[in-house]
Each structure stands twice: as C-alpha cells, then as structure tokens.
Amino acid sequence: MTFHSGEIAIQTQAGVREEAERLCSFISDVIKPPAEEFLRTQQLAVASTVDVNGRVWASLLTGKSGFLQVLNERMIQINANIIYGDVMYQNLQSNAPMGVLAIALANRRRLRLNGKAQIQPQGQINLQIHQVFFNCPKYIQVRYLETEITESLKQPEISSSESLTHHQQNWIAQTDTFFIASSHPEIGADASHRGGYPGFVQFLDSKKLVFPDYYGNNMFQTFGNLAINPNAGLLFINFEQGHTLQLTGKATLIWDEKRLNAFAGAQRLVEFDIEEVLETKNATPMRWRFGEYSPVNPRQD
C-alpha cells in the first residue's frame, strides 16, 4: 500500500515522511484474523460518506455484537440500527465510497476500514474493503456500555440548521470526543477519531470551530485527504443520552506557530466552517458511562 499525494505532502511538511513509509506495512487490503476477531464483538462504529453535492458526513453506527460481520477477507456486512432520515443511506445511493471506524471505548482499540459500499435489499450495507488498519489508543477516553438500558428507544427526531444554537455550542464546548470524516475524490472516504479534555474544541463563531491536531501515528490519512479535498464532516455523540450532532463543512489546515500556542500540545490546528448542522435526538438506544480520560491528553492551562 502506498500513500496518495495529499498524505505525502502533509507527511513531508510535518517532517515524518520516512517514518510514515515504515508504517505503511500496517495497512492491509484484506481483513486478517486479529481484525476479524475485533469486529466480532464491536457495537459502535462511525461511517464517512459523501452526498450528491460532494459534502462529507460522519454518521453513527450501532448494533448488537456482530453487527459488523465479516463475510470474507475483503468484505464486511453492516447490520446497524437504522436511523430513518440519516444522510448516510441517501448518500450511498449515489456515492459508493465509505469509510468505517470501529471503536471499542472500554479498552481504547480502534480499526479503520475503507472501501466501496452497496446497500442490500434488507437494508444491510456490504463494504468491499480497500484498506484495513488498526490505530493507536491515544486520546481515547474510556467509556463503558450500559447494556441494561439499551433496549428502550424513542423514535429519532432530526432537526437541521445552518449554524450552531447556544445549546449545541454548549454541547461541543463540553465534549472530550468527536469523529471526523474526510474523502479523497479517487481514493475514497475515511473516518477517524479525535479526543482531548473538554474545551479542546473552541468556537470562533456559530458557524466556525477550531480544534488541535495532536501527535499521532504520522500517516496523516485525514489531513492528507483534507489537503486535496477540504470537505469534511464532524460527529459529536451525547454518550449519556444517545443523541448526535452532525456537522458538514470545509476544513482549513493551520500550521501557524503563534496560533498553535493557544492549544497545549497542538502540532497543527483545523478551522472548520459549518455549512449544515443535523441534530438527532434518540439516535441510538445505547448509553455509555464515562470511565477515565486518556492519560496522554494534553492538559489545557
């Protein structure tokens, strides 16, 4: 597996090009036994898809253990709890690229799968794999699934706006975890995780966010995509109540050292201009209990 031009450009600018090349061997185009074993027990994932206007969205996927089923070494089937009205299914009707991040919050493990999707007659999604690789556990806050209340679910309620309400701004200001979706016009879509202490995502106004990029695996799949295509999606989850907040817009990469000083541990920043906001109440029947923060989170002064 090789990196595309955007990834190479970011790796070069960050001064980690040689290290990234060494890490390339961790990316596979088949689902190996450790990945299959991991997927067998997962109940939470995030999907990246692209709409007819080229906008990128991050969507929540949840289900019982085994909802991410390995059909063969190059294909998984997704049998998620369906959120009627979620943009993901509509997007996949016209754009096949899809990225999936399966994440185990309780033990800080995550697996990325990127490829092309096809919706099946019963609503399942078959994902033909292009890339599979595990990520490091950095910046993942531990949370535990509260299984005793996962069977009760009210109907999802979706509302749309072009900017963040005060309620939504307060939600994001308190978050310690979100997910980012990106897409390369030829390589495909990708979903990734971001974490830090509450307050690591900041507002410039109701239509613009800024957040830090901390030291990571140095492959820069997300930043590489954004260098080519600034369209991106963000997903915030209210883990205690099962609500979600989806933002789509455009991302700008910031390398200016003076601006970096405002964020402890930041290697780079991302400015995100919001184009649309979708808030979904009761997006999932699942609830998670907070455990502990990641020990490597940079602490804001």
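Ala, Val, Leu, Ile, Met, Phe, Trp, Tyr, Cys and Pro count as nonpolar here, Asp, Glu, Lys and Arg as charged, and the others, Gly among them, as polar. Keep in mind that this is a predicted model.

**View 1. The largest pocket and the residues at its centre.** There's about 310 Å³ of space in here. The lining is made up of 16 residues. If you're looking for the middle, go to Trp 171, Gln 174, Ile 237, Asn 238 and Glu 240, which lie nearest the centre.

View 2. Sorted by class, the lining has eight polar residues, four nonpolar and four charged. Two elements, α5 (166-173) and β14 (231-238), each put in at least two residues. Helix α5 has the largest share, at three residues.

**View 3. The second largest pocket and its centre.** The volume of this one comes to about 270 Å³. A set of 18 residues lines the second largest pocket, and closest to its centre you'll find Phe 26, Val 132, Phe 133, Phe 134 and Asn 135.

View 4. Strand β7 gives the most, with four residues. As for class, 11 of the lining residues are nonpolar, five are polar and two are charged.

Key
Residues numbered from 1 in each chain as written. Predicted model: local features only at pLDDT ≥ 70, side-chain atom pairs only at ≥ 80, totals over all residues. Heavy atoms only, no water. 1 Å grid on protein atoms, 1.4 Å probe; cavity = no way out; pocket = protein on both sides within 12 Å on 5 of 7 lines; lining within 4 Å. Points joined across faces, edges and corners; volume = space filled by probe spheres on them.
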